[in-house]
Amino acid sequence: MKIFNELNENKGLSLAFGFFDGVHLGHQAVIESAVSYAKENDKKSAIITFKNHPCCFFNHIKPKYITKISDKFLLFEKLGVDYVYCLDFDEHLALMSASDYLKEIIINYFEPCAISTGFNHFFGAEKSGNVKFLAKMQESFAYKYIEVPPVLFNNEVISSTRIRENIAIGNIELVNSMLGFEYSIEETVIKGRQIGGTIGFKTANLVYPKDMLEPAFGVYCVNVDYESKMYKGIANFGLRPTVDNTIHPILEVHILDFDKEIYGEKIRVHFLKKIRDEKKFGSLDELKAQIQKDISALN
């Protein structure tokens, strides 16, 4: 898969439009429709997306995403995408009408054989472009438009908003069901105060990425990927009230059956389910006893 950060001529592609934060099952259906059409017609597929969500431009806010952009690219590649155009969303694009965006960007550079979007996709100034507009214009510009219907879980539409809401309350099992894979982060292990080691539970500490949506404070059952090997673990995300009540949340991961020094190395933590809320204990002995209970809950 090739990634481009600016436009170039690449004619005859099967395109998928969307920001795809989370690359959940609904997003996957859109992308798979573009990839399938390309394969069936001996063409290449591409995603047209943006580095930051357009709402960040319009609302002047810093993003909080479900997935890091590097993880999105990995997921796109697994879905069989040939090219990704990850563009800056700027004032020029913000002011373009849907008609101008379609003609000057999409048709001019790509002359697509097909365009796939979700059922609720909007684009262009004041959201003037939508699925009806794309369907209407397909004969004029000789592309096939594919509107992908909503994907449901528990009779509700899967959406990035619904996933965000459930990450925020720690409902990770539902999040994973809607994503179609395990919610995870990959970060570098930093040195902490090493108090865990004094009570028999060494931890790998990670600073949670500032641009990622934080899960609810609490203790989680996790899997830890280190050097392509998976380990069971237990993780606390929060302010460590029993130890030092930090200002910024830290993810502390105790990896079972693991005794390597991995400071400065990267691990990926897969969240499986929330076990309990974060709690302040009266002593380190009480904390130790609770961690033992938490670990026994993994089995």
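**Close-up views of a predicted model**

**View 1. The largest pocket takes up about 1,200 Å³.** This is a predicted model, where local features need pLDDT of at least 70 and side-chain atom pairs count only at pLDDT 80 or more, while totals for chains, interfaces and linings use all residues. Residues are numbered from 1 along each chain as its sequence is written, and side-chain values use heavy atoms, with hydrogens and water left out. A pocket here is an open set of points on a 1 Å grid over the protein atoms alone, where a 1.4 Å probe fits, with protein on both sides within 12 Å along at least five of seven lines. Its volume is the space filled by probe spheres set on the points, which are joined across faces, edges and corners.

**View 2. Here's what lines the largest pocket: 46 residues.** Lining residues have an atom within 4 Å of a point. Nearest the centre sit Phe-19, His-53, Asn-120, His-121 and Phe-122. Which helix gives the largest share of the lining? That's α2, with four residues. Among the other elements that supply at least two residues each are α1 (25–40), β3 (45–50) and α7 (160–168). Helices (H or I, at least four residues) and strands (E, at least two) are DSSP runs, numbered from the N terminus. Sorted by class, the lining has 27 nonpolar, 14 polar and five charged residues. Nonpolar covers Ala, Val, Leu, Ile, Met, Phe, Trp, Tyr, Cys and Pro; charged covers Asp, Glu, Lys and Arg; the others, Gly among them, are polar.

**View 3. Glu-111 and Lys-11 pair up in a salt bridge, 3.5 Å from N to O.** Glu-111 lies in the loop between α5 (98–110) and β5 (114–118) and Lys-11 in the loop between β1 (2–4) and β2 (14–17), so this pair links parts that are 100 residues apart in sequence. A salt bridge means a side-chain nitrogen of Lys or Arg within 4 Å of a carboxyl oxygen of Asp or Glu. Both partners are partly exposed: Glu-111 at 47% relative accessibility and Lys-11 at 36%. (Buried is under 20% relative accessible area, exposed is over 50%, and partly exposed is in between, using a 1.4 Å probe and protein chains only.) The whole structure has eleven salt bridges.

**View 4. Glu-186 reaches Arg-268, with their closest N and O atoms 3.7 Å apart.** Glu-186 is partly exposed at 30%, whereas Arg-268 is buried at 13%. Asp-71 belongs here too: salt bridges with shared partners join Asp-71, Glu-186 and Arg-268 into one network.

**View 5. The largest nonpolar core holds 33 residues.** A nonpolar core is a set of buried Ala, Val, Leu, Ile, Met, Phe, Trp, Tyr and Cys residues joined through side-chain atoms within 4.5 Å. Tyr-183, Leu-251, Ile-267 and Phe-271 have the most contacts inside this core. What does Ile-267 touch, leaving out residues up to four places away in sequence? Its partners include Ile-185, Val-189, Leu-206 and Tyr-226, where contact means heavy atoms within 4.5 Å.
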